[in-house]
Structures are given as C-alpha cells and as structure tokens.
Amino acid sequence: RKVKKWLEYSWMRTQGADEQSLMDALPERLRARIAIQIHVKTLKKVKIFENCEHGLLCELVLKLKPQIYSPGDYICRIGEIGKEMFIISHGKVECIITTGTGERKTVAVLVAGQSFGEIALLGVEGCSRRTADVRYE
C-alpha cells in the first residue's frame, strides 16, 4: 500500500520524467549551471542566506542533495542527531512536539521557501539533537 501511494505521488510530481536521470546525462558544467539557475532563488528566500553573496550561494547550491518524501513520511524525529538542514521546495511540513502531558501538538507548518534544522549545523553544545518530529504533509 505504501509503495502504491509513493508511486502515485511520484507520478503526480514528475509525470513520469526522471529528473535525476536527465540531469546525469548532461555534462557536469551544464548540470551546475542549471542547478544554480533553479536553486539560487530558493536559497535567497531562506532567512539565513538572504544576505549572502551570490558566489557563496552558487557554492551552496552545488552541495544540495534533493530529497523527496511521500505525504505522511517523517523527515526527522525528536532526539535524532541533526547533521543537515532542510529547505522546502514543494509542499509543506508540520513540526510536531510531545507536550509534558504526552499530547502530540503541531507547533508550526512550514511551506516552500522555508527551512528547518539549521540549529543542528551551528555546532552549539547540546543543540545537535532534533527538538521536534517533522512530517511531510
């Protein structure tokens, strides 16, 4: 059932085109130019990158690793060690915590252009663990 749901979702997003295969067939320099053209605008929308120089943004774009999640998938869980940040390019995610009484509570809904997980990258002692479950809607 989960496989069927993923295939339906994937088809809806791509209409059968395998973006990665298409990109892999291109020369490396052209892939880089396309990635920069597409993703620099997204990075500029992220608060911590909004005042960065264009050259730095281009370097960051080349480090991005696209991830696709199905609705209902958990991207990260409370207590996991964070090693990456996430930038939402499509859809939305909800950030869920467990209150002191054990109740599950949505504390934020993030949409395209927003990000989460950057605190884990700062290397601040005691801040590398995820503080919320994040689920793709």
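How do the residues lining the second largest pocket divide into nonpolar, polar and charged? In this predicted model, the lining comprises eight nonpolar, four polar and three charged residues. The volume of this second largest pocket is about 260 Å³. It is lined by 15 residues, and those closest to its centre are Phe 116, Gly 117, Ile 119, Arg 130 and Thr 131.

The protein chain contains four helices and six strands. From the N terminus, the order of elements is α-α-α-α-β-β-β-β-β-β. Of its 137 residues, 24% count as buried.

Ile 119 lies in the loop that runs between strand E5 (115–116) and strand E6 (133–136). Its relative accessibility is 47%, so Ile 119 counts as partly exposed. Ile 119 also belongs to a nonpolar surface patch, together with Leu 122 and Val 124. The accessible area of these three residues together is about 290 Å².

Arg 130 counts as buried because its relative accessibility is 8%, under the 20% limit. Its salt-bridge partner is Glu 84, with 3.3 Å between the closest N and O atoms. This pair connects distant parts of the chain: Arg 130 sits in the loop between E5 and E6, Glu 84 in the loop between E1 and E2, and 46 residues separate them. Glu 84 is partly exposed, at a relative accessible area of 38%.

A further approach involves Arg 77 and Thr 131. Arg 77 is located in the loop between strand E1 (74–76) and strand E2 (86–87). The C-alpha atoms of Arg 77 and Thr 131 are 7.9 Å apart, although the two residues are 54 positions apart along the chain. Arg 77 has a relative accessible area of 38% and is therefore partly exposed.

In total, five salt bridges are counted. One of them joins Lys 92 and Glu 137, at 3.5 Å from N to O. This pair also links distant parts of the chain: Lys 92 is in strand E3 (residues 92–98), Glu 137 is in the segment after E6, and the separation is 45 residues. Lys 92 is partly exposed, at 37%. Glu 137 is partly exposed too, at 33%. Another salt bridge pairs Lys 47 with Glu 50, whose closest N and O atoms are 3.9 Å apart. Lys 47 counts as exposed at 66% relative accessibility, whereas Glu 50 is partly exposed at 41%.

Definitions and conventions: Residues numbered from 1 in each chain as written. Predicted model: local features only at pLDDT ≥ 70, side-chain atom pairs only at ≥ 80, totals over all residues. Heavy atoms only, no water. 1 Å grid on protein atoms, 1.4 Å probe; cavity = no way out; pocket = protein on both sides within 12 Å on 5 of 7 lines; lining within 4 Å. Points joined across faces, edges and corners; volume = space filled by probe spheres on them. Nonpolar A, V, L, I, M, F, W, Y, C, P; charged D, E, K, R; others polar. Patch = residues over 30% accessible without salt bridge, like charges linked within 9 Å, V, L, I, M, F, W, Y side chains within 5 Å. Areas by Shrake-Rupley, 256 points an atom, 1.4 Å probe, with all protein chains shown as cover. Salt bridge = Lys/Arg side-chain N within 4 Å of Asp/Glu carboxyl O. Helix = DSSP H or I, 4+ residues; strand = E, 2+ residues; numbered from the N terminus. Buried < 20%, exposed > 50% of the residue type's maximum accessible area, 1.4 Å probe, protein only.
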